[in-house]
Amino acid sequence: MNDRVYEVTTTATPEAAWAALTDPHTVRRYYYGTAPRTTWEVGSPIEFVDDDGDAQIVGEVLEFDPPARLAHTFIATWYGGRDDQGSLHWEIAPTDEGCRITLIHRGAQADTREGSETADGSREIIEALKKLLDDA
């Protein structure tokens, strides 16, 4: 198990990036058609649900510190099982021209079908987030 780190810079403000990470309608636009369902309180459950209301990812909110840090555990359920894929840690840092967004995926299980898909998926998600923010 290795940490996977993905980083992008955007012209968006940290506040706009934060909103894009936490607003369900915005998240659905770049997160494979899923949106978070949670209260965002540390320790509360989080689910990323598709248009049918089916949870594709479940977990627990580990950190919620607007507009800088967000973390939650990541259990892949898209094949009907419960495959522990560690945790996702989002960090937003201001830059002179916007912000830097870092996604750290800790504890991914590369030897599972779900784990092999999360590496490409995490990279695609952060790149789609950047495009959405830069096009706004």
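**View 1. T10 is a buried residue of strand β1.** T10 is buried, with a relative accessible area of 5%; buried means under 20% relative accessible area, exposed means over 50%, and partly exposed lies in between (1.4 Å probe, protein chains only). T10 belongs to strand β1, which covers residues 4–10. Helices (H or I, at least four residues) and strands (E, at least two) are DSSP runs, numbered from the N terminus. This is a predicted model, in which local features need pLDDT of at least 70 and side-chain atom pairs count only at pLDDT 80 or more, while totals for chains, interfaces and linings use all residues. Residues are numbered from 1 along each chain as its sequence is written, and side-chain values use heavy atoms, with hydrogens and water left out. The side chain of T10 reaches the backbone nitrogen of A12 at 3.2 Å. Not counting residues up to four places away in sequence, T10 touches E97, G98, C99, I101, K130, L133 and D134; a contact means heavy atoms within 4.5 Å.

**View 2. Strand β1 has a covered and an uncovered face.** In a regular strand the side chains alternate between the two faces of the sheet. On β1, the covered face holds R4, Y6, V8 and T10, and the uncovered face holds V5, E7 and T9. Strands β1 and β7 run antiparallel and are joined by 7 bridges; two strands pair if DSSP finds at least two bridges between them. Across these strands, C99 in β7 is the bridge partner of T10.

**View 3. Seven strands form an open sheet.** The 7 strands follow the order β1-β7-β6-β5-β4-β3-β2, with antiparallel pairing. At the edges stand β1 and β2, each with a single partner strand, so one side of each has no neighbour in the sheet. On average, neighbouring strands are turned by 25 degrees against each other, direction ignored. Inside the order, β5 (residues 69–76) and β6 (residues 83–95) run antiparallel and are joined by 7 bridges. R69 has E91 in β6 as its bridge partner. Helix α1 (residues 14–22) lies across β2, β4, β5, β6 and β7 (98–106), and runs at about 160 degrees to β6. Axes are lines fitted to C-alpha atoms, for helices over the stretch in contact, and angles run from 0 to 180 degrees between N-to-C directions.

**View 4. Aromatic rings pair with each other.** Rings of Phe, Tyr and Trp (its six-membered ring) pair if their centres lie within 6.5 Å; planes under 30 degrees apart count as stacked, over 60 as edge-to-face and the rest as tilted. By this rule there are 6 aromatic pairs. Y31 and F48 are stacked, at 4.6 Å centre to centre and with 20 degrees between the planes. Y31 lies in the loop between α2 (24–30) and β2 (35–37) and F48 in strand β3 (residues 45–49), so the pair ties together parts that are 17 residues apart in sequence. Both Y31 and F48 are buried. W40 and F64 are also stacked, at 5.5 Å centre to centre and with 20 degrees between the planes. W40 is in the loop between β2 and β3 and F64 in strand β4 (residues 55–65), 24 residues apart. W40 counts as buried at 14% relative accessibility, whereas F64 is partly exposed at 29%. Ring pairs link W18, W40 and F64 into a cluster.

Definitions and conventions
Polar contact = N/O pair within 3.5 Å; in protein donor to acceptor, adjacent residues only side chain to side chain.
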